[in-house]
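This report describes selected features of one protein chain.

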Amino acid sequence: MRWVFWGAAGLIAYTYLGYAGWLWLRSRWRPQPVRLGTFTPFISIVMIVRNEATVLSGKLRNLMELNYPEDLYEIVVVSDGSTDDTNQILSHHAQDARVRVIMNSQPGGKAAGLNEAVQVARGEIVVFTDARQRIEPDAVRLLLQNFADPNVGCASGELMLGDPDSGEAAKGIGLYWRIEKEIRELESASASVVGATGALYAVRRNLLVALPPETILDDVYIPLHVVRQGTRVVFDERARAWDLPDLGAGHEFARKVRTLTGNYQLLQLAPWLLSNGNPVRFEFVSHKLLRLIVPFALAAALVSSLLIPEPIYRAAFVIQLAFYGLSMLAMLQMKRGVLARMADAAFTFVILNTAAVVAFANFVTGRKAVWIR
């Protein structure tokens with residue numbers, strides 16, 4: 001039981017602290033700065049939509065107002081079997097010469113839509129984005145500066161959860177996302193990021209691979225294949241897209257389950273990720289796979305500390321119970337104070353690990369994750 005407890009505790013500590021610490025040391029021992037420069041090729045901005053009528057007009061206006069030469073970019077939009085007013089909105093905006101529209105009467109899935117869009121895209125660089133998030137005017141121009149470095153094959157922007165005027169959210173999912181971005185920055189500083197931000201990332205067109213139709217995480221599958229071809233995936237915090245920090249607990253939980261289910265799926269779609277053929281295998285295991293194991297390590301630590309009749313383990317058991325009890329306080333929706341912030345952080349941690357358990361169940365039972373924007 002002692003081996004179980006300390007093994008579980010060690011895995012949890014490495015996943016959330018040790019890996020970040022190692023990245024920090026590596027970024028100072030072996031930094032690999034990107035050689036930024038002016039780079040303005042013709043680009044294709046690709047977006048797949050399904051029933052996005054409530055946000056689509058605003059997003060298209062957002063893309064048309066980017067600080068990038070109008071004659072050097074096109075917008076390719078695929079409607080994936082939309083049944084609301086999405087197609088009518090696209091037809092209206094297609095009058096602009098920069099907008100190219102593909103309307104599919106039957107849904108084929110996001111991955112199939114991306115494959116279709118890339119086939120018709122004419123840009124040297126393909127920029128991927130989603131309908132809901134708003135991109136800052138200079139974001140694409142700044143993101144493209146990374147491609148002045150020939151070693152860069154993919155560049156990821158930064159997703160900000162909050163409002164551009166009031167700033168980024170500092171609680172709940174917002175806190176988790178800020179920690180996640182710190183890890184991505186450290187990965188990028190000395191090697192490559194394991195995945196990209198789906199709201200805004202760009203890839204050299206000649207490095208793109210076809211997505212299997214069932215792919216859940218295009219923003220991880222594509223970047224990992226870019227790394228496999230010998231180029232880097234970098235993270236640029238200057239290129240920012242904004243999203244709402246709170247879309248409702250149910251929506252956020254479902255989206256996290258989908259993401260974690262996608263991590264399991266990657267092992268099926270690309271088994272080479274665990275082989276020597278993956279240049280970022282260590283990072284992939286540390287950043288993606290160990291988080292899938294943490295819920296089981298948490299359970300092992302709790303049970304083993306209960307079963308060992310020694311004071312230190314009894315104390316560890318009580319501390320764990322107190323932590324889970326603290327997470328329940330978040331349900332009281334306390335507005336201010338240190339306790340409220342601690343409860344919110346604990347609750348977020350518990351929810352994310354619960355989502356990992358549900359993702360494991362999806363993987364074992366073969367249940368497919370639905371497309372959640």
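Which side chains meet in a salt bridge at 3.2 Å, N to O? They are those of aspartate 96 and arginine 98. The model discussed here is predicted.

## Salt bridges

The structure contains 17 salt bridges. In the pair formed by aspartate 96 and arginine 98, aspartate 96 counts as partly exposed because its relative accessibility is 24%, whereas arginine 98 is buried, with a relative accessible area of 13%.

A salt bridge also joins the side chains of arginine 2 and glutamate 310, with an N to O distance of 1.9 Å. This pair links distant parts of the chain: arginine 2 belongs to helix H1 (residues 2-29), while glutamate 310 is in the loop between H9 and helix H10 (311-329), 308 residues apart. Arginine 2 is partly exposed, at 43% relative accessibility, and glutamate 310 is likewise partly exposed, at 26%.

The side chains of arginine 255 and aspartate 243 meet at 3.9 Å, N to O. Here helix H8 (residues 249-269) provides arginine 255 and strand S9 (residues 232-243) provides aspartate 243, the two being 12 residues apart. Aspartate 243 counts as buried because its relative accessibility, 4%, is under 20%. Elsewhere, a network of salt bridges links Glu74, Arg100 and Arg122.

## A parallel strand pair

Strand S2 (residues 73-80) and strand S3 (residues 99-104) run parallel and are joined by 6 bridges. Within this pairing, isoleucine 75 stands opposite valine 99 of S3. Together with helix H3 (residues 86-93), the two strands make a right-handed β-α-β unit.

## A buried loop residue

Leucine 208 is located in the loop between strand S8 (200-204) and helix H7 (218-228). With a relative accessible area of 17%, leucine 208 is buried. Leaving aside residues up to four places away in sequence, leucine 208 touches Val118, Val126, Phe128, Val203 and Ile222.

## A nonpolar surface patch

Ile293, Phe296, Val357, Phe360, Phe363 and Val364 form a nonpolar patch on the surface, and their accessible area together is about 490 Å². Helix H9 (281-307) and helix H11 (338-365) each supply at least two residues of this patch; the largest share, 4 residues, comes from H11. Phenylalanine 360 lies in H11 and counts as partly exposed, at 33% relative accessibility.

Note on methods: Residues numbered from 1 in each chain as written. Predicted model: local features only at pLDDT ≥ 70, side-chain atom pairs only at ≥ 80, totals over all residues. Heavy atoms only, no water. Pairing = 2+ DSSP bridges. Right-handed = clockwise from strand over helix to strand, strands pointing away. Patch = residues over 30% accessible without salt bridge, like charges linked within 9 Å, V, L, I, M, F, W, Y side chains within 5 Å. Areas by Shrake-Rupley, 256 points an atom, 1.4 Å probe, with all protein chains shown as cover. Salt bridge = Lys/Arg side-chain N within 4 Å of Asp/Glu carboxyl O. Buried < 20%, exposed > 50% of the residue type's maximum accessible area, 1.4 Å probe, protein only. Contact = heavy atoms within 4.5 Å.
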